[in-house]
Amino acid sequence: MYKLSKSRIIVILAICFLGIFFAVPNLIGNADALPKWWQPVNLGLDLQGGSNLLLEVKVDDVIKERMSSIEDSARQILRDNKIRYKNLHAGESSVSVMIENAGSRSKAAAQFAKIDDGITVNEKEDGSLEIAYSEVALNQLKLKIVDQSIEIVRRRIDELGTKEPVIQSQGVDRIVVQLPGLQNPEYVKTLLGKTAKMSFHMVDSRSNAADARRGKLPTGTRLIQSVDGETLVISRKPVVGGENLVDAQAAFQEGQAVVSFKFNSLGGKKFGEATKENIGERLAIVLDNEVISAPTIQSAIMGGSGVITGNFTVKSANDLALLLRSGALPAPLEVLEERTVGAGLGADSIRAGIIASVIGLIAVVAFMVAAYGLFGVFTTVSVFMNLFLLLGALSLLGATLTLPGIAGIILTIGMAVDANVLIFERMREEVKNGRSTKDAAEAGFTEAWGTIIDSNLTTLVAALVLFYFGTGSVRGFAVTLAVGIATSMFTSVTVTRLIITAWLNKYKPTRLPI
């Protein structure tokens, strides 16, 4: 024990140095000037203040839209197969149609079942057919909508540069968004409130908007408003959809802010063919069921790229580009709850955590020095090193520190000396049994090792369970606790052992100072 190899000493000192190095940013007041790889621990919402939003995903709106699409598909099937029908209409969660001929009804039912996966077709008592998703397919669709919404929300938030946002589902159709450091969430709410579902439709120049408003709409068209108040009749089926967009950026054209966009190969092909075949016609660019621009096609636009013009400011062009880049939300989002945690409250939490940590540290140090004398002082050095390693590890991992995380640090301070207590008590027993100073010290570290492993392993299992099943701040506590266990085992055994070995080799005492 008292003859540690040079390579082992170098490894121990190197780990300690790295821990201190990565912990240093936490002691610097302004860390903005530091490189990204050398940053302090991120503070959670409860420590630096920020905003908490509870969003509801309007999945019923998507189901209703799906039913409208199924209605169009069913109408096309009936026309292609020359089946007589009446009362075809889409409801909230199903589509119904009356087909009087039994043979035609069976033929139509077989075709309807192929419209989409999970579609069921039921014949009702009055002879009508009801088209709907099965319960399993409906639940899968709802889960998919919520998962897609979370991913799109994450893309939009990440582009804003908000540090360590927490975005997770809550219940069946809700999303929790926590934005540390953001005191005014209005801009974020505006961005998240936009579905950003964009599509390109041909304008029906032969139709009269006034007649359309009176219900005289040609088949396959619909009435829509533009941002400048113009009423347009456009084709229901888009020429190309927003799902084919791969990039969008704010740009300038003739001194005006515009949004440039680029399609993938499939979208570029569709867009090129549509513009080639409709020169002189207007193309409506529809965003969230509103026409933002309807330019006249001057020539075929090949290459899969183009620009959206309009009365854009630089900010609105950047906002639209961000929305298009991140993708369209599959369903509208509604803000159900909004809470803002003030920076002052976060500072109070940090102050309270620091006070608690200092009190805990003083109590631990006082006990160890009183109980074990000089070896208690050695343990104090290990405890401080443990704190540096813990902060360094959390900084290196990019972890977010919350109030429960501070509680984990305080708990780690108390647990950091457990192993040393076991080692020192074992040394006392060996001295009582008549062993020499060096042999007693050796036995203290070797014989107590099994017990140290057992006690820390059980706590580590508890931390892993908390991390796996917990969410938010509970996970933060689990991460801090798990990292604290690892660093405390290292410092209690290796760092303390290195200090005691150096002391024994230098002073060669005849009795242990415990």
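Hi everyone, let's start with a pair of helices. In this predicted model, the axes of helix 12 (residues 403-415) and helix 16 (residues 473-507) come within 8 Å and cross at roughly 25 degrees. Angles under 35 degrees count as roughly parallel, so helix 12 is roughly parallel to helix 16. The crossing of these two helices is right-handed.

Who makes the contact? On the helix 12 side we have P404, G405, A407, G408, I409, L411, T412 and M415. Helix 16 answers with S473, G476, F477, T480, L481, G484 and I485. Sorted by type, the residues of this contact are eight nonpolar, seven polar and no charged.

Now over to helix 15 (residues 449-469), where you'll find V461. From the C-alpha atom of V461 to that of A482 is 8.8 Å, with the two residues 21 apart along the chain.

Next, the nonpolar cores. The largest has 39 residues, and the members touching the most others are V57, L78, F112, V153 and V177. Several elements give two or more residues to this core, including strand 2 (50-57), helix 3 (59-80), helix 5 (135-159) and strand 8 (174-180). Another core lies apart from it, with 34 residues, among them L47, V383, L387 and L401.

Let me finish by zooming in on V153. Which residues does V153 contact, leaving aside neighbours within four places in sequence? They are I167, V177, L192, L329 and L333.

Notes: Residues are numbered from 1 along each chain as its sequence is written. This is a predicted model: local features need pLDDT of at least 70, side-chain atom pairs count only at pLDDT 80 or more; totals for chains, interfaces and linings use all residues. Side-chain values use heavy atoms; hydrogens and water are left out. A nonpolar core is a set of buried Ala, Val, Leu, Ile, Met, Phe, Trp, Tyr and Cys residues joined through side-chain atoms within 4.5 Å. Buried means under 20% relative accessible area, exposed over 50%, partly exposed in between (1.4 Å probe, protein chains only). Helices (H or I, at least four residues) and strands (E, at least two) are DSSP runs, numbered from the N terminus. Contact means heavy atoms within 4.5 Å. Axes are lines fitted to C-alpha atoms, for helices over the stretch in contact, and angles run from 0 to 180 degrees between N-to-C directions. Angles under 35 degrees count as roughly parallel, over 145 as roughly antiparallel, 65 to 115 as roughly perpendicular and the rest as oblique. A crossing is left-handed if the near helix is turned anticlockwise from the far one by less than a right angle, and right-handed if clockwise. Ala, Val, Leu, Ile, Met, Phe, Trp, Tyr, Cys and Pro count as nonpolar, Asp, Glu, Lys and Arg as charged, and the others, Gly among them, as polar.
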